Amino acid sequence: MEAEVIKAELVLPTHMTFKRIQIYEKYPKGQSKVRWKQLKQILQAENYQNYPPDEPNYVNIESPPSMHPCKRICDITGFEAPYHDPRTNLRYANADVFKLVRSLPNEYVQRYLALRKAAVVLR
Amino acid sequence: MPFISKIQRQSDYNRFPSSTPIVIDNGASYFRIGWAGENEPRVVFRNIVQRPRHKSTGETVTIVGDQDTALLKYFDCTRSGPRSAFDSNVVFQFEIMEYVLDFAFDRLGTNGSRIDHPILITECVCNPVQSRSKMAELLFETYGVPSIAFGVDAAFSYMYNQQHGICEKDGLAICPGFTTTHVIPFVDGEPVYKGCCRTNIGGYHVTDNLKQLLSLKYPYHMARFTWEKVEDLKMEHCYIASDYALEARLFQKGGKEAEDKTRCWQLPWVPPPTEEPPSEEEMARKAAIRERQGQRLREMAEAKRSSRINELENQLHGLEFLLHQLGQVKEEEIPSFLSDTGYVSKQEIESTLTKVSQSLRKAKGEPKAEQVENEEKADSSTSEKYPLINVPDNMLTPEQLKEKKRQVFLKTTTEGRQRAKQKRFEEELEREKKNQQDEERRLENPELYLEQMRTKYKELYEKVEQRKRLKTNGGHTNGNSLSGGVGRGERLNAAQRERMRLLTTAAFDRGKGEDTFGAKDEDWQLYKLMSKDNDNDDDGADEDEAELARVCSRLQEIDPTFVPKPESTSLQPTNAEAPSFCPLTKEDYQIVLGVERFRCPEILFHPNLVGIDQAGLDEMTGVSIRRLPSKDEGLEDRLTSSIFMTGGCSLFPGINERLEAGIRMLRPCGAPIKVVRALDPVLDAWRGASIYAANLQFPQQTFTRADYYDKGEDWLRRYQLRYTL
């Protein structure tokens, strides 16, 4: 370890005096790759349907879809976009932007669409 | 950076008695820890962990929080990105949580064998019981904490500000956080979770959106847009427009006001050193060097040529001597003599002699007129070489028949070659004649001739371009054509349509009986048809292209003003490629933030802009009020007259006015609406928690290890803190 790294105490020491079980005992290296449950799995395991529905829980309090009409703004410039390109599925504001839209390579088109979560995901 | 991490190790751990609680604000963006009763948290850092490999020793180490990038160069950070224990405001990765807590307690100055203080830790609203229990287990088992209390950070912040008179006892707390935004109604100082509302949009999404937009707009500088830098930009420059459409129109018009609102970030840029034109001496020196090199090459070529000539002459002499000797030797001894020299017959020697003399002549550079004579001589010799051809079959032995067949074959091949040569010669003559005619025409009437050539060139060029465009646009539908109308390039041309039709009819099984494709031989002709379509196109294209090339070169010769049109590439250069063709200017290194300044925070109010189909901030208040279970009169009015904003994202300028305008749309006319912001949206949660923990009645709200194990998970699920003590 370089001197300045030690001086700055950048690295977390592996043994802490105030802990009853050290981390290397709990997670031995290289063996048990603990798979942590993602949020979706945690929520599924919660079984909220067994409890009365008006009790607030993590899933209950989520907001409903928006009632306001969807605001359509141009994907590239951010102005208001009344037009929509059927080939690339992008929204654009005027003819100059349209020229730009049509000249974009496919990679950029997909990235602009991914901003809106409208990209085609092949998985 | 506006948010500074404090990670200095504290030294006064032992000053605090065992009853003083430790207060932790475990947020998705920052982790704050300190002692109860104080005004500021002692240790603040970003809630991320990196596990890079040390470059020289190769061991994997853990680094918590944002660290000095200068020191990070000793570590290989490519495989390990920063990892967070959170998945959208819920803690799920407790290994990382443990690293973070280790670091935090260490920097707080902990010594001793266990953490001997009660802990108040924040969590999200309606935290799933699994996450809660795992956190409790971690603290009890690994750290030996005596008692724990869980609380909601927004509630602590509300309580703190209520005590300071910012908001009333009844009110709405709006908390746009890092990954989520909550709206919680408070009645009598207690949060009513039934009326709570959560949208999964937060500062993280705003920063991410800004980062993507900038990367797409300036792909050349993509490496500059790190997460930390973009967050800085967001905190410094982003604001919320009071009316998005109006602002957008302002920028679209591009007047002076838009100019004022545009911010420009100049990246460091060094102009390249201008090259002076080489001076006279330089050029003279270079010319001399080139001259010398040319001279050397010429000498070498000369030497090689003369050595080859010598070699050939020697060979010639040897062969002549051999012939001479052969003439002198007697008849019987010819075969043995020949076997010594290595040649089979006299004719072979003669033929090698002629060949050598030919190459010698070529090397010396004499005209090839003599070659024709040699060919004629060769011709005459061939008729001698095929003696058996003219002899009828029945007079020959089987071996001789074989010999005859071989000779016939040889003769036909040589004759074929000669015929081909003749044809080529004739074609040459033809072309010469045509060129002559062309020249004459040109000399007569240069203007007209030029015109004709030009029009021919244009026509051919158009045809070739069109065919190329059809080919590429038929292939992929994401058309990249610049010119060309909507109709021409897009429709599949007739051949491709035919192919598609064939494929579909052949593949489509109508369901009646079995698939009998391939039983008959004619079926396979289908494939020939399908591939032939392609070939036809190509042949025609090649001819045209060859003609085009010829015309182009002709025009270049005779017309000084002709410039061949560059072939338009099928891929237009993107913004990234354009700068490499012309010298980079200062402007290319400027990042302009215009519309992005208010476009990115707009997603807080319209999550639809990033594809998240949930209500925005203003709508959420309406939903929250609707969800409240029991409403006495005036409660709604009381709620809206004390709307309290806290959380990191509430620092955007202009958010108060916008929210007020939005809520006014939802409420009946004349309802009182007052939007206030917390004293310090970032730290107020911790401060509220600190004051709460310092209260004498705090220990009643905690639960101990024994409680946790006795009462079980169900009790833990229903455990809620009472905020009014």
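**Figure 1. An aromatic cluster in chain B.** Phe140(B), Phe150(B), Phe703(B), Tyr708(B), Tyr709(B), Trp715(B) and Tyr719(B) belong to one aromatic cluster. Rings of Phe, Tyr and Trp (its six-membered ring) are paired if their centres lie within 6.5 Å; planes under 30 degrees apart count as stacked, over 60 as edge-to-face and the rest as tilted. Over all chains, the structure holds 30 aromatic pairs. This is a predicted model, in which local features need pLDDT of at least 70 and side-chain atom pairs count only at pLDDT 80 or more, while totals for chains, interfaces and linings use all residues. Residues are numbered from 1 along each chain as its sequence is written, chains are lettered from A and ligands numbered from 1 in the order in which they are written, and side-chain values use heavy atoms, with hydrogens and water left out.

**Figure 2. Two tyrosine pairs of chain B.** A pair of aromatic rings is described by the distance of the centres and the angle of the planes. Tyr457(B) and Tyr461(B) form a stacked pair, with 6.1 Å from centre to centre and 20 degrees between the planes. About one helical turn separates Tyr457(B) from Tyr461(B), because they are 4 residues apart in helix H13 (residues 446-475) of chain B. Helices (H or I, at least four residues) and strands (E, at least two) are DSSP runs, numbered from the N terminus. Tyr457(B) and Tyr461(B) are both buried, where buried means under 20% relative accessible area, exposed over 50% and partly exposed in between (1.4 Å probe, protein chains only). The pair of Tyr692(B) and Tyr723(B) is tilted, at 6.2 Å centre to centre and 45 degrees between the planes. Tyr692(B) lies in helix H21 (residues 684-694) of chain B and Tyr723(B) in the segment after H23 of chain B, so this pair ties together parts that are 31 residues apart in sequence. Tyr692(B) is buried at a relative accessible area of 3%, and Tyr723(B) is buried at 3% relative accessibility.

**Figure 3. The interface of chain B and chain A.** The contact (heavy atoms within 4.5 Å) involves 94 residues of chain B and 67 residues of chain A. The size of an interface is often given as the accessible area lost when the parts come together. About 7300 Å² is buried between chain B and chain A, and carbon and sulfur atoms give 56% of this area; buried area is the accessible area (1.4 Å probe) that two parts lose on being put together, summed over both. Phe92(B), Arg198(B) and Leu216(B) supply 9% of the area that chain B buries against chain A, more than any other three residues.

Figure 4. A salt bridge joins the side chains of Arg249(B) and Glu80(A), at 3.9 Å from N to O. Elements giving two or more residues to the side of chain B that touches chain A include helix H1 (94-108), helix H4 (203-217) and helix H6 (244-253) of chain B. H1(B) gives the most to that side, with 9 residues.

Figure 5. Asn127(B) is placed in the loop between strand S10 (119-123) and H2 of chain B, and is buried at 13% relative accessibility. The side chains of Asn127(B) and Glu123(B) are joined by a polar contact of 2.9 Å. Beyond its neighbours within four places in sequence, Asn127(B) contacts Val90(B) and Arg132(B). Arg32(B) belongs to strand S2 (residues 30-35) of chain B and is buried at 8% relative accessibility. Not counting residues up to four places away in sequence, Arg32(B) touches several residues, among them Asp25(B), Pro41(B) and Trp686(B).

**Figure 6. Two loop residues with positive phi.** Most residues other than glycine have a negative phi. Asn47(A), in the loop between helix H3 (39-46) and strand S1 (83-84) of chain A, has a positive phi near 55 degrees. Asn47(A) is partly exposed, at 32% relative accessibility. Asp188(B), in the loop between strand S13 (181-187) and strand S14 (190-191) of chain B, has a positive phi near 60 degrees. Asp188(B) is partly exposed, at 46% relative accessibility.

Note on methods: A salt bridge is a side-chain nitrogen of Lys or Arg within 4 Å of a carboxyl oxygen of Asp or Glu. A polar contact is a pair of N or O atoms within 3.5 Å; within protein, one must be able to donate a hydrogen and the other to accept it, and residues adjacent in sequence count only if both atoms are side-chain atoms.
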